[in-house]
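Student: Hi! I'm new to this one, could you walk me through it?
Tutor: Happy to, here it is.

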Amino acid sequence: MACADASQPTVAERNVGMIDFDRIYDRHQFGSVKWANQWDEFSPRVEGEDLLSLWTADMDFRAPETVIARLREAADHGIYGYTRRDPRHYEIVQSWFARRHGWSPALESLLPAPAIMPSVAAMLRTFTKPGDGVIVQSPIYSPYFEVIQGNGRKLLVNRLRLQDNRYELDLENFAKLAAGAKAFLLCNPHNPAGKVWTRQELTALNDICERYGILVISDDIHCDIRLSDRPHIVFSSLSEDAAEKSFICTAPTKTFNLAGVPSATVSVANKQRREALLATMQASFMVNANFFGRLALEVAYSTGAPWLDQLTRYIGGNVDFVLKFAEDRLPGITPMRPDASFLVWLDARGLDRKVGGVQRFFVDRAGVNLYDGRVYGPGGEGFIRLNVGCPRPLLRRGLERMSRALESL
Ligand SMILES: Cc1ncc(COP(=O)(O)O)c(C=O)c1O
C-alpha cells in the first residue's frame, strides 16, 4: 500500500484549506485496532491475508490540522501531568451544539466523561438495580448488550421493523417492554443503520417512557456527520418532561476521528440525577481529564467546523459511490442510505444463506473485513456493516475485491 508521510500537511491543506481525504496512510505502527483486525488483546482476531479493514468505526483520516498542531505543541511540552478543565471547556461544548444542532444545553447540566460507554455504565449503575430491564432497539451497536448484561441488568430487545429498506419503530412492542423496564438506551442517530430519528418518532418514544416512568439514555455520538436534510433532534429538546428524564451523551470522537484521545460530555438537566451520576463517576475516578483528550475536544469543537463540512461532503460522496457500485456490481447486496455517520448497512441476507456466512466469505474470498451483522443482535443476521470513513481509492479497492469474489461464485 502506498502511504503518505503523516507528519506534514499537503500543500493543498496549508494553502487552500482543501483537505486531501484521498490520501492513504499506514496506521499499523500505532496499534490501530481497525488495521490489526482485533478489537483488543482479549478478543479474537480476524485472520486473513492482506486484509482491507472496513469494519470498526474509526476513520482513516487525519484529524483537523488545528487539532494536530495543538496536540503537537502539547506533546512537545513534554510534561503530561494531571489536567483539569476550566469553565471555558463547557462553553465550547455548549457553543458547538448550539451552532451545529440548535440545542443549547444549560452549562450547569454538563458533566465531563472519559468516553460514552463508561458513562452509560455509570448511569445504569446509578439509576437501575441488578435485574432491572433496559430496552434497546436492534439491530444495534453491540456494546449496548455488554453494558446492560455485563452490569447485571436485563436486556429487553425491541426489534426495529424493516420496511422498504428503512428501519421503523415498533411502538406497540416498545410499550409492552416498557411496562417491565427502568431505562431505555437510545442510539440517535442509529448505529448501524445511520438513521436520524424524527421529532415524531422521538416524541412517540418519549410518550411511552413518560407513561411508564422510564429514564432515557441517549447516545448522540454519531450526530455530527449529517448526510441528509434531516435535522438531529436532541431528545431532551423535545419537551420539559423529556429533558427531566434524559441523559444526553455526546463526544467529538467520531466526528473528528479522535477515538484514541477520548473525551465526552453528558448533559443531565435534572439536578438530583446529575449529582447522583457525578457521585458515581467520582467513586469510579472517572472525572479527571485526559491530558490530550481534553485539549482535542476543545480545539476540535472551537475550530473544526470547516474540516467537518469538507469531511461530510467527502463521506456523502463515498456513500453515493457505494450505492452506485452496489447497484452495478454487487448482486445480492442492498445498501441502506444513512442519514448520518460514516457507516453503511448492507442487506446481504440471500447471499449470506448461499455462502454460509457472508462476513467470512468476504474475508476469505475478497480479503475484506466488514462487521458481521449478527453482532448487532436480532435482525442483524445476513447484514454486514461497511465503514466508509476511508479514502475513496481504498474503498474502491475493497468494493472491487468484493465484486470479483461475487463473480467467482
Ligand atoms: C453508537 C456508539 N456509541 C458509542 C461508541 C463508542 O463510544 P466511546 O468510545 O466514547 O465509548 C460508538 C463507537 O463506535 C458508537 O458507534
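Tutor: We'll go through the ligand, the domains and a few backbone details.

Tutor: This is a predicted model, where local features need pLDDT of at least 70, side-chain atom pairs count only at pLDDT 80 or more, and totals for chains, interfaces and linings use all residues. Residues are numbered from 1 along each chain as its sequence is written, and side-chain values use heavy atoms, with hydrogens and water left out.

Student: Which helix gives the largest share of the shell?
Tutor: Helix α5, residues 116-127, with 3 residues. Helices here are DSSP runs of H or I with at least four residues, strands are E runs of at least two, and both are numbered from the N terminus.

Student: Switching topic: how is the protein divided into domains?
Tutor: Domain 1 covers 11-66 + 305-407, and domain 2 covers 80-303. Those bounds come from an automatic or database domain assignment.

Student: How many residues of each are in contact?
Tutor: 39 residues of domain 1 are in contact with 36 of domain 2, where contact means heavy atoms within 4.5 Å. The domain centres, taken over C-alpha atoms, are 25 Å apart.

Student: Last topic, the backbone. Where are the cis peptide bonds you'd point out?
Tutor: One runs from S138 to P139, with omega near 0°. P139 sits in the loop between β3 (133-138) and α6 (143-150). Another goes from N191 to P192, with omega near 25°, and N191 is also one of the residues that come nearest the ligand. P192 is in the loop between β7 (183-187) and α8 (199-212).

Student: And what is the phi of N257 like, positive or negative?
Tutor: Positive, about 60°, although N257 is not a glycine. You'll find N257 in the loop between β9 (246-250) and β10 (264-268).

Conventions
A residue is near a molecule or strand if one of its heavy atoms lies within 4 Å of it.
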